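The briefing below is arranged by topic and is meant to be read beside the sequence and the coordinates.

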Amino acid sequence: MWGLGNLIDVVFRLLGIRSYQPNIEPPPPPSPTASSAMGDNSNSTASTITITTVPPSSVGVATPAVPGPDLVGVTIERPLTGAGSPNHHHNHIPSTPQTVTDSTATAQWGGKQRQQAVVVRHAFKTYGSKKKPNHVLSNLNMTVEKGTIYGLLGASGCGKTTLLSCIVGRRRLNSGEIWVLGGKPGTRGSGVPGKRVGYMPQEIALYGEFTIRETMQYFGWIFGMKSKEIKERLEFLLNFLDLPSQNRMVKNLSGGQQRRVSFAVALMHDPELLILDEPTVGVDPLLRQSIWNHLVQITKDGNKTVIITTHYIEEARQAHSIGLMRSGKLLAEESPAVLLSMYGCTSLEEVFLKLSRKQTQSQQAVQQQPEPPQLAPPNWGGKKDVAVSNEEGGVVGLNFHQSKEMLVVDSNGHLDAMGKSSPSKTVADTCQDCASGCSEWTTTGKLRALLQKNFLRMWRNVGVMLFIFALPVMQVILFCLAIGGDPKDLKLAIVNHEANYTNMTYQYCPTKPGCKMEFLSCRYLEALNVSTIEKVYYPDPNAARLAVSEGEAWGAMYFTENFTDALVARMALGKEADEETLDQSEIRVWLDMSNQQIGITLQRDLQLSYQNFTKDILRDCDINEALASLPISFKDPIYGSNKPSFTDFVAPGVILTIVFFLAVALTSSALIIERMEGLLDRSFVAGVSPGEILFSHVVTQFVVMCGQTTLVLIFMILVFKVQCQGDIILVIILTILQGLCGMCFGFVISAICELERNAIQLALGSFYPTLLLSGVIWPIEGMPTVLRYISTFLPLTLATTSLRCIMTRGWGLDHEDVYNGFISTIVWIVLFLSISFAVLKFKKG
Ligand SMILES: Nc1ncnc2c1ncn2[C@@H]1O[C@H](COP(=O)(O)OP(=O)(O)OP(=O)(O)O)[C@@H](O)[C@H]1O
């Protein structure tokens, strides 16, 4: 009879609310198919439902090739339906995992009741787009009993790794259900991913720059082990796996040694469930045998379970059960001895070939049928358990009686995927065992491990260290030396017909000091002795202009023969001056304005020099020199100086850009490299959450950022004297915040990009638009209106304005322009962090 829990759950379901019970999934009503397999009891209203098992074969006793303890004398219960012979091709996988509470109906190994460590039901998994799906798992069912070694065999690419990654919670099925150690992987309190599982992925997935000891310490800390425990375990594993000195760097080990270290990591915390993806590749036969012996040993007491994939099919004879996988299904799931006798083969390879042929034939037969059965989505209970019937129709000759022990709904309607060796211990209990540890958002061990890992990786990589600290300094130095200075030695082609032409570098031109109106052109040319201009002399205006057109000079200047007389007449006559006087008194200049900065500099210096020249004459003649100025008087500016520096304008934006994009560069690849090397997955499976990974990187980067910011500001402000009128504390805080913002943007990039190449492209691709649109090198007031709006919503724009206001105007946080920069930066940080956290959390294949 359903308990109150079920009733509440049904009400919740009707209301569309998923009730929360740690690790307990409310079971769907039993399907008719399951019912028939269960016999009458399935419909019983008794407090427990007793289910029979589907038998393996007529062979009731499976004797493994390498008999391990508990393996002799296997008793598997007979079905009530009597459809258990392999010849019946009966595929009675219960559509819903159900618990057996009647001990007579459970599988027994050596007289012991077996619990189920892993149950996979109706698993479907595709990669690729909906239009072109690559079906990797197609209605796969699998049962791994606790305390056994389960060998998962199959050709390359058949989906073994995919299945394992779904079991450890790193990938999600498209549909179907997986139960691991009584809970669903990835659910709260299940301990999976986490310390209940030891996972050895196919790739090495180790930090190359760590020593063996540091590697084990890292994972040991993550698993919450004490330093003493780690040391002891390390010593055992070094001996057991014949590893070299614990101080050897992983990257300097041979391929086989690296695989053994990887295996040691999986064994480190002595987990309940070991998932090993090809652990024996590249391992010599002696060690391979000792690995297998160890696996047999640890499963001896019935508490540890091992799932292992291997390409050496024959070595899997030592497993208690074998799952032969092909085309996304298990062709068979049985003990090696049963498989061999059932198919009359002498090797497992033969069995596999036989089964594969049968599967191909059955698929062809199905295709020839007028109405091929649809591959229906899995149906957990209810009337149409189509998936089960399809298996029968689609995979002829397969023995799917893997459910030696089914799962039964207990009196409270709770699902016991473990098969319950102790009636008092339910799945809920099992899961709650670890709930205290699993529900903590983090542990000091994990943080310690992650932080040490980040710092150690940087420390061990001198190139990265130099990059981190030398690059911003170099950028500042280069910026201050290369940008904003006045152009120097710009060639000006001068033609002065008041003096005789001598040669290009020299022209005799007498200057008369005091209030003497002679050779005024020479006096002006003397006033033109500025560092910007290098004078070159030409005999006539045409030659000078030709020099400009040929790029030999930036401008040509011409004084007429009677320049001095005409200029004096112009000043004396004032409004009476005739056209010719005006024309002759003119200094004619032709500039090359193709380079705006150079053209403007020349214009500025020619005009300033002329003003100085006239003021000098007027002063010598006791006339008010103010007459030489335009009647617009620029008083001392309120902010800045009368001779504004481009450096001061650009510096705030450059400081932020350097810190922002260095952080992007550092972080954007950090996660990708770890992910590509399988390290991220390994840490996730060990129980590290995306939040913890992000947090550890934020802390590491923050320390780095403080160093970078200090260096950038010291060089900018103290060494190169870029003006900073405001509070330096505000400058520091805003710069560090921008660094954090860049780091979070880097996280987003690394979370969404699969390849480092794509991350670099995205980071570089975002650099120029951000730089150009953020008002760093040109005022946003000069942009079209639409771009100005877009610009406002970029992470660097308001921050640049804010920093500029602090540094050049000396404003504080009470000014809108200043606090807007802080607010926008914080908003961007939160946004980027949320995006990367969400992507990391939900981006499973
Ligand atoms: N992330 C992915 N995106 C797209 N396709 C994938 C992805 N991972 C695996 N596949 C494809 O899924 C199929 C199964 O791959 P999987 O790695 O699970 O096979 P496998 O049985 O473990 O192979 P092997 O024994 O060679 O390791 C392959 O065709 C593979 O190309």
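How many nonpolar, polar and charged residues does the shell around the ligand have, by class? In this predicted model, the shell has three nonpolar, nine polar and one charged residues.

**Ligand surroundings**

- The ligand is surrounded by 13 residues, and the closest of them are Tyr-127, Ser-156, Lys-160, Thr-161 and Thr-162.

- Six strands, in the order 8-9-10-6-11-12, form an open sheet whose pairing is mixed.
- Strand 8 (197-200) and strand 12 (329-334) are the edge strands of this sheet, each pairing on one side only.
- On average, and with direction ignored, neighbouring strands of the sheet are turned by 15 degrees against each other.
- Within the sheet, strand 6 (residues 149-154) and strand 10 (residues 305-309) run parallel and are joined by four bridges; Gly-151 has Ile-308 in strand 10 as its bridge partner.
- Helix 8 (residues 336-343) packs on the sheet, where it touches strand 11 (321-326) and strand 12, and its direction makes about 105 degrees with that of strand 12.

**Nonpolar cores**

- In soluble globular proteins, nonpolar side chains tend to be buried together.
- The largest nonpolar core here has 150 residues, and the residues with the most contacts inside it are Val-118, Ile-275, Leu-324 and Cys-744.
- Helix 19 (residues 646-676) gives the most to this core, contributing 17 residues.
- When residues up to four places away in sequence are not counted, Cys-744 touches Ile-829, Phe-832, Leu-833 and Ser-836.
- Another core, of 26 residues, lies apart from the largest one and has Leu-490, Tyr-524, Tyr-558 and Leu-606 among its members.

**Leu-773 and its setting**

- Leu-773 lies in helix 23, which covers residues 756-773.
- Is Leu-773 buried or exposed? Leu-773 counts as buried because 20 other C-beta atoms lie within 10 Å, and the criterion for a buried residue is 20 or more.
- Leaving aside neighbours within four places in sequence, Leu-773 is in contact with Leu-787, Ile-790, Ser-791 and Leu-794.
- Leu-773 and Phe-793 are 20 residues apart along the chain, and their C-alpha atoms are separated by 9.9 Å.

Technical notes
Residues are numbered from 1 along each chain as its sequence is written. This is a predicted model: local features need pLDDT of at least 70, side-chain atom pairs count only at pLDDT 80 or more; totals for chains, interfaces and linings use all residues. A residue is near a molecule or strand if its C-beta atom, placed from the backbone, lies within 6 Å of it. Ala, Val, Leu, Ile, Met, Phe, Trp, Tyr, Cys and Pro count as nonpolar, Asp, Glu, Lys and Arg as charged, and the others, Gly among them, as polar. Helices (H or I, at least four residues) and strands (E, at least two) are DSSP runs, numbered from the N terminus. A residue is buried if 20 or more other C-beta atoms lie within 10 Å of its own, exposed if 12 or fewer, and partly exposed in between; C-beta atoms are placed from the backbone. Two residues are in contact if their C-beta atoms, placed from the backbone, lie within 7 Å. Two strands pair if DSSP finds at least two bridges between them. Axes are lines fitted to C-alpha atoms, for helices over the stretch in contact, and angles run from 0 to 180 degrees between N-to-C directions. A nonpolar core is a set of buried Ala, Val, Leu, Ile, Met, Phe, Trp, Tyr and Cys residues joined through C-beta atoms within 7 Å.
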